[in-house]
Amino acid sequence: QAQLVESGGGLVQAGGSLSLSCAASGSFISISLMAWHRQAPGKQRELVAHITSDGITNYADSLQGRFTISRDNAKNTVYLQMNSLKPDDTAVYYCAAVIRTTTTVRAYWGQGTQVTVSS
């Protein structure tokens, strides 16, 4: 079984930066797409960005230019660099990955990490 573990959340003032990371561990064959989503209180979970195994990225329109997704395939880790943070960025951030094991190919989710941006 595979699992994803996020780290790097916390409290930051508006205009500041935070970096999140998410590492995959366990028994699996490969990881294709990796992504970050977020869910603010009272709102639906939304895509922040995703990245393919070849490094092709896609961002939510409203976040492009402030957030950067990257990955290290050797470490099975995806990162999210968040700059110029705003109070509206406050949310629980979840990483997700499409992982192939010996028996299945499916999406896995991390447990989430809280990001709070104070005004």
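Two arginines do sit over aromatic rings, Arg45 over Trp109 and Arg106 over Tyr108. The model is predicted: local features need pLDDT of at least 70, side-chain atom pairs count only at pLDDT 80 or more, and totals for chains, interfaces and linings use all residues. Residues are numbered from 1 along each chain as its sequence is written, and side-chain values use heavy atoms, without hydrogens and water.

**Charges over rings**
- Arg106 lies 3.8 Å from the ring centre of Tyr108, over its face.
- Arg45 lies over the face of Trp109, 4.8 Å from the ring centre.
- The criterion is NZ of Lys or CZ of Arg within 6 Å of the ring centre and within 35 degrees of the ring normal.

- Four strands form an open sheet in the order 1-3-8-7, with antiparallel pairing.
- Strand 1 (2-7) and strand 7 (67-72) are the edges, each pairing on one side only.
- Neighbouring strands are turned by 15° against each other on average, direction ignored.
- Strands are DSSP runs (E, at least two residues), numbered from the N terminus, and two pair if DSSP finds at least two bridges between them.
- Strand 3 (residues 18-26) and strand 8 (residues 77-82) run antiparallel, joined by six bridges.
- Cys22 has Val78 in strand 8 as its bridge partner.

**Largest pocket**
- Its volume is about 220 Å³, taken as the space filled by probe spheres set on the grid points.
- A pocket is an open set of points on a 1 Å grid where a 1.4 Å probe fits, with protein on both sides within 12 Å along at least five of seven lines.
- The lining has 14 residues, each with an atom within 4 Å of a point.
- Arg38, Lys43, Glu46, Asp88 and Asp89 lie nearest the centre of the largest pocket.
- The lining divides into seven charged, four polar and three nonpolar residues; Asp, Glu, Lys and Arg count as charged.

Technical notes
Axes fitted to C-alpha atoms, helices over the stretch in contact; angles between N-to-C directions.
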